[in-house]
Amino acid sequence: MNLDVDFMISDMPTVVAALPSTLILSLDSMLWALVFALICGGAQLARVPVLDKVTLVINTFIKGIPLVVQLLFCYYAVPYVVKWFDGLMHRTYDPQHLPYFGAAVLALALNFGAYITDVVISSTRAIDRGQWESAYACGMTRFQALRRVVAPQIVVISLPNMTNYFIWLLKGTSLASIVNVVEMLTTARLSAADGYQFLEAYIDAAIIYWIVCAFIEWLSGRIYHSAGSYLLPPNASTA
Amino acid sequence: MESPMQIVSKVLPGIIAHIPQTLLYWFLPSVLALFFGALLCWARVSNRHRPLYWICTVVISFFRGTPGIVQIYIVFFGLPKLIWAIGYDVSDWTAGVYFVIATTLNLSCFMAETLRGGYLALDRGQVEAGLSIGFSRVQNFVHVIAPQTLKVALLNIKNLEIDVLKDTSVAYTIGAVEIMGYANRMISLRSGLGQLWILGTAAVIYFIMCTVLEVAFNLATRRISRFEGVSR
């Protein structure tokens, strides 16, 4: 087994340098996924006519399609969309610099938004009705009750699931490497192309993904433990 | 200029002809992972061999913490080197073999955690009751532990299997030909003409397959929990 350990070590800084682009892609996608999930989840929870059924159908369809297909679809659709928007708002697009990053964000956001919608709905339903009622009894409006009483609890309850999906999303961004988005895996591949040392570069990337995912999981556990301490039975921490 | 209907009708037979390939890439890892996942799970819950426990924990953490596509690449580039070092020539293995191996490794680790969740939810009294009526350890596993573990874990297994079915589409990145590989080849053959329609057709086929799988699992869930509420 001739593993080029020297190259693995010397290539590590190059791959680590691409970590921010992976994180930016993940955070961007997560943000839009949350927006999408809040719209869909809100529509379904509030039973908005038509919109709740439409979002349900869209989400079901998205969940049945591989992420790769969605990424490629958005990737191939970019030129058409750009051509359609060309000239609008005095913007002109350079056909040599198409916004593939945006396409990847859109695909990832829609894919994970569909899953996060379920998290939003289930964690909202997990809140005891008494919480709403006691907020109303204090004279709060619906919006005040949501903002001051219910929403903070939803955030805490949904944290473990959200972290899971964020880690899935972070791992999913590696698929963006097949649609011309320069992130960590693409960088690893390019850095290895000179000496055909792909295995070493991919192992580097895997190690970094592993560390980042483990760190996020640890951090989320810590946050959940302190923010969710009210969920524990009394004196559980001392026992 | 072809109409969308013409494009779809041209690629649809080819896509349908590649469904067996996709199903094979889904089925083989699923069956193997059920076996290896159970082994990994046993190593983690039996807790008798500390080194084995820690090795399994690290392996599971690695495969759960890294993207599937990276694992596929590592197996694709690394396994031939590894086997070459032992003295075998694997140059005639197709890309599908590497995909199945990588997916099996990945899925085994997820399956191990899922089964562990089911096993930990199992009431200790059930195990003791089985032993007390004279079951051997194997009988106890087959008649008491396995069915109840599966019952609890089945919902998560369903989600895993649907994910695996969808992730077979990644196989085309190392050159295996299944639905996505075929769709991609058609796109390049046609120089990208009608690419959105080809992808859309593939998407619908994947959606139908996922729906069928989901319905099948729902039926299995209903069957496996048919005694629910009878005993209590």
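Where does H1(B) bend, and which proline follows within four residues? I looked this up first. H1(B) bends by about 30° at B:Val11, and B:Pro13 is the proline that follows within four residues. The bend at a residue is the angle between axes fitted to the seven residues ending there and the seven starting there.

**Ground rules.** I note that this is a predicted model, where local features need pLDDT of at least 70, side-chain atom pairs count only at pLDDT 80 or more, and totals for chains, interfaces and linings use all residues. Residues are numbered from 1 along each chain as its sequence is written, and chains are lettered from A and ligands numbered from 1 in the order in which they are written.

**Helix H1 of chain B.** I checked its length. At 1.5 Å a residue, the 14 residues of H1(B) (4–17) should span 20 Å, and the end C-alpha atoms are 20 Å apart, which agrees. The expected span is 1.5 Å times one less than the number of residues. Helices here are DSSP runs (H or I, at least four residues), numbered from the N terminus.

I then looked for buried residues (20 or more other C-beta atoms within 10 Å of their own, C-beta atoms being placed from the backbone). In H1(B), I found B:Ile7, B:Val11 and B:Ile15 buried. The buried residues of H1(B) pack against H8 (179–189) and H9 (195–224) of chain B.

**Domains of chain A.** I read the bounds from an automatic or database domain assignment. Domain 1 is 1–18 + 182–229, and domain 2 is 24–176. Their C-alpha centres lie 27 Å apart. Twelve residues of domain 1 are in contact with twelve of domain 2. Contact means C-beta atoms, placed from the backbone, within 7 Å. On the domain 1 side, helix H9 (198–227) of chain A gives the largest share, nine residues.

**Chain A against chain B.** I counted 27 residues from chain A and 29 residues from chain B in the contact. H9(A) gives the most to the chain A side, with ten residues. By class, that side has 23 nonpolar, three polar and one charged residues. Nonpolar means Ala, Val, Leu, Ile, Met, Phe, Trp, Tyr, Cys and Pro; charged means Asp, Glu, Lys and Arg; the others, Gly among them, are polar.

**The core.** A nonpolar core is a set of buried Ala, Val, Leu, Ile, Met, Phe, Trp, Tyr and Cys residues joined through C-beta atoms within 7 Å. The largest has 108 residues, and A:Leu71 is among those with the most contacts inside it. Helix H5 (100–125) of chain A gives the most to this core, with 13 residues. Both domains of chain A give residues to this core, so it lies between them.

Note on methods:
Two residues are in contact if their C-beta atoms, placed from the backbone, lie within 7 Å. Helices (H or I, at least four residues) and strands (E, at least two) are DSSP runs, numbered from the N terminus. A residue is buried if 20 or more other C-beta atoms lie within 10 Å of its own, exposed if 12 or fewer, and partly exposed in between; C-beta atoms are placed from the backbone.
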